2 protein chains.
Amino acid sequence: MDPLSREHAQASDAADPLAGFRERFVLGEDERIYLDGNSLGRLPVATRDRLAVLVREWGERLVEGWADWIDSPARVGDLIAEEVLGAAPGEVVVADSTTVNLYKLCAALLDDRTGALVTDAGNFPTDRYVLEGLAAATGRELRLVGAPEDAAAERDVALVVLSHVDYRSGAIADMAALTAEIEADVVWDVSHSAGVVPIELRAAGVQFAVGCTYKYLNAGPGAPAFLYVARERQAALRSPIWGWFGQREQFAMERSYDPEDGIRRFLAGTPPILGLAAVEEGVRLTAEAGVEAIRAKSVAQTELIVTLADAWPAPLGFEVASPRDPAARGSHVALRHPEAWPICRALIERAGVVPDFRGPDIIRLGVAPLYTRFTDVWDALDRLRGVVERGEQRLVDATPGRVT
Amino acid sequence: MDPLSREHAQASDAADPLAGFRERFVLGEDERIYLDGNSLGRLPVATRDRLAVLVREWGERLVEGWADWIDSPARVGDLIAEEVLGAAPGEVVVADSTTVNLYKLCAALLDDRTGALVTDAGNFPTDRYVLEGLAAATGRELRLVGAPEDAAAERDVALVVLSHVDYRSGAIADMAALTAEIEADVVWDVSHSAGVVPIELRAAGVQFAVGCTYKYLNAGPGAPAFLYVARERQAALRSPIWGWFGQREQFAMERSYDPEDGIRRFLAGTPPILGLAAVEEGVRLTAEAGVEAIRAKSVAQTELIVTLADAWPAPLGFEVASPRDPAARGSHVALRHPEAWPICRALIERAGVVPDFRGPDIIRLGVAPLYTRFTDVWDALDRLRGVVERGEQRLVDATPGRVT
């Protein structure tokens, strides 16, 4: 069978062991091909139902609900630790945003050392901004190296922050090798890999990480993020934000701050209980499928994107801006095109395909193996080719705007 | 009619202009008398429905939902500003927890000044902890004065943090007078007054405030908090947490951090969209009733608590630990009793009344005028008397524990 044919994609779907997971998501009448799960994942049916239950629980149990809710940052953290991160119970909490968690972790680490902050210039903006802020606050240099690999050559470094998967190119950084090579502590942002690329923090020697739950973990818009600190590093670190959820014996209120021994010391204020329930359901669904199986399908699907993009006649002008080695690529493929933004708009408005755009010239096509079909990938690429062949990108309103 | 009689309470309910708001909450089969809305407010019907709509919206609109969601921290902030805080549009954002917001605001204010931090020893624990942390990080003294009023006498002060309503006693601090008298900037925590005690930040000369939405604003467990900075003070302040939601032109990602001009510069990471919707609904309901009307009922209800508590024979051993002047009292009454904790447990387990406990010896009875009836107050006090007269506090498991 022609590997470029739709029939081949259909055969892949028919043989897909994860095919059944698609119906675990709320799809409704939605005929769109959604290739932006790397930005905001779809709504799992279990999450919709759980949120309704949780809202009812708030209404019925009222304040007594806290007897169960109060442990959810650590309980859901344990679940993520085991199922997604290759970490141990007691090493992860879920609360606050990725930004706030990165801030807490970096500020804690900077407390006892001098030296520069290092990240790569292409790291996700909020990661860079957090470091810029900490550099300004502590009078340090922030060095932006060209790529994660370049961090290893830097000297007089206090702390390095790197992303496991690059949000633009989809390139996977070698977490274990870089953690070993870099002299300083490294904080890994696993937002773009959590749930879709196997992560073994402990085996990789990683001691610090943060990440997002609303991408491949499907926990919904603004769901809380996670924070990981290897057990052996917890006791010496203090979050800069001393809050009552990090306090030992939280309800013995008349004492000075005395943080919990373990990972809970990184909690601050009252955690978002609805969001935590959504994270729990999203992680359970991922765990049921298994990250290894998800990864195998993701690799096959991004390979299909690359293969089809390569097969197009050159005049269409696309360039694959992601690594060609699937082992070095996360779950999205970046295509570079000078008209990337109007092409994105035309895909959304005229072709029923939802990619996303990252300026100035990148179209990201993300596959979320729990619900993306091989035929979705094939149809999306086919429609993309059609849009560009017909010049439909010149028929849409392409006023510069925002695609999240 | 005897003002201590249940008939009098019934007559008050019959004449209550807010009585109809009770059915705007999900009550179900719940026969309990809930006097802990000062800790976690009840679930409004509109919020239950809105959350279901929002979850569906996530499922259907997917990432395109962000076109509307992205403005919700500022939009809901404007609503709170106008309806609850006596502030102007553009002065409030909703995101993160009260703890994180207090940290951001205090750290921003400390950036350019020397001097001590001041709060009162009885301020809410997380407020004290945040200040302890900032004192430690910046090498400052943290002075714990005896009462909010004592802050005015302190010298060489960088920043004062006070609560508008004391979480234990319910005492209202004179926000306008103290803000004027205290030389340093004052950050007000209005968590225990927002939505139930009229707040006029601008008229009171207040320039900085934070507060919680899950108490009298009924936004649910862990709903996001708000942060207020008077417009004229915004430009000079920078949040210590530089995040992408505070960035001007957030999606022009290839630039250095350059914060928004206005209040949005205090945003950090991706805000919790479900929680924001719940805040919006809760504030709308409060606005529909009007904080002035809510306050009038709250005063009448806390007066009834004090009157009934005073009328009991002295041997029951309760002491009113809240101000007796209703103008100086928020929406809960603290009763002091040496057996406060077992009495609380007996009320919950044997009498169908939910108060809360604050160690070592305080029972808090909170009224939430949108759903608390005068007969609820009367029945609760009657049952409290019965529990203590019969010594039921000695019949329950009173192992020291937690009541949120």
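**Reading a helix pair and a chain contact**

Author: Let's start with a pair of helices: α10(A) and α12(A) cross in a right-handed way. Keep in mind that this is a predicted model.

Reader: How do I read the packing of two helices?

Author: In general, two packed helices are described by the angle between their axes and the distance between those axes. Here, helix α10 (residues 291–311) and helix α12 (residues 374–389), both of chain A, pack at about 25 degrees, and their axes are 10 Å apart. Angles under 35 degrees count as roughly parallel, so α10(A) is roughly parallel to α12(A).

Reader: Which residues make the contact between α10(A) and α12(A)?

Author: From α10(A) come A:Q301, A:L304, A:I305, A:L308 and A:A309, and from α12(A) come A:F374, A:V377, A:W378 and A:L381. Sorted by class, the residues of that contact are eight nonpolar, one polar and no charged.

Reader: Now the two chains. How many residues does the contact take from chain A and from chain B?

Author: Chain A gives 63 residues and chain B gives 63 residues. On the chain A side, the elements giving two or more residues include the helices α2 (45–61), α5 (98–110), α6 (125–138) and α9 (273–289), along with β12 (356–358). By class, that side of chain A has 33 nonpolar, 19 polar and 11 charged residues.

Reader: What scores does the model have?

Author: For the model, ipTM is 0.96 and pTM is 0.97. As for chain A, its pLDDT averages 95, and 98% of the residues score at least 70.

Methods. Residues are numbered from 1 along each chain as its sequence is written. Chains are lettered from A and ligands numbered from 1 in the order in which they are written. This is a predicted model: local features need pLDDT of at least 70, side-chain atom pairs count only at pLDDT 80 or more; totals for chains, interfaces and linings use all residues. Axes are lines fitted to C-alpha atoms, for helices over the stretch in contact, and angles run from 0 to 180 degrees between N-to-C directions. Helices (H or I, at least four residues) and strands (E, at least two) are DSSP runs, numbered from the N terminus. Angles under 35 degrees count as roughly parallel, over 145 as roughly antiparallel, 65 to 115 as roughly perpendicular and the rest as oblique. A crossing is left-handed if the near helix is turned anticlockwise from the far one by less than a right angle, and right-handed if clockwise. Two residues are in contact if their C-beta atoms, placed from the backbone, lie within 7 Å. Ala, Val, Leu, Ile, Met, Phe, Trp, Tyr, Cys and Pro count as nonpolar, Asp, Glu, Lys and Arg as charged, and the others, Gly among them, as polar. pLDDT is the predictor's confidence in each residue, from 0 to 100.
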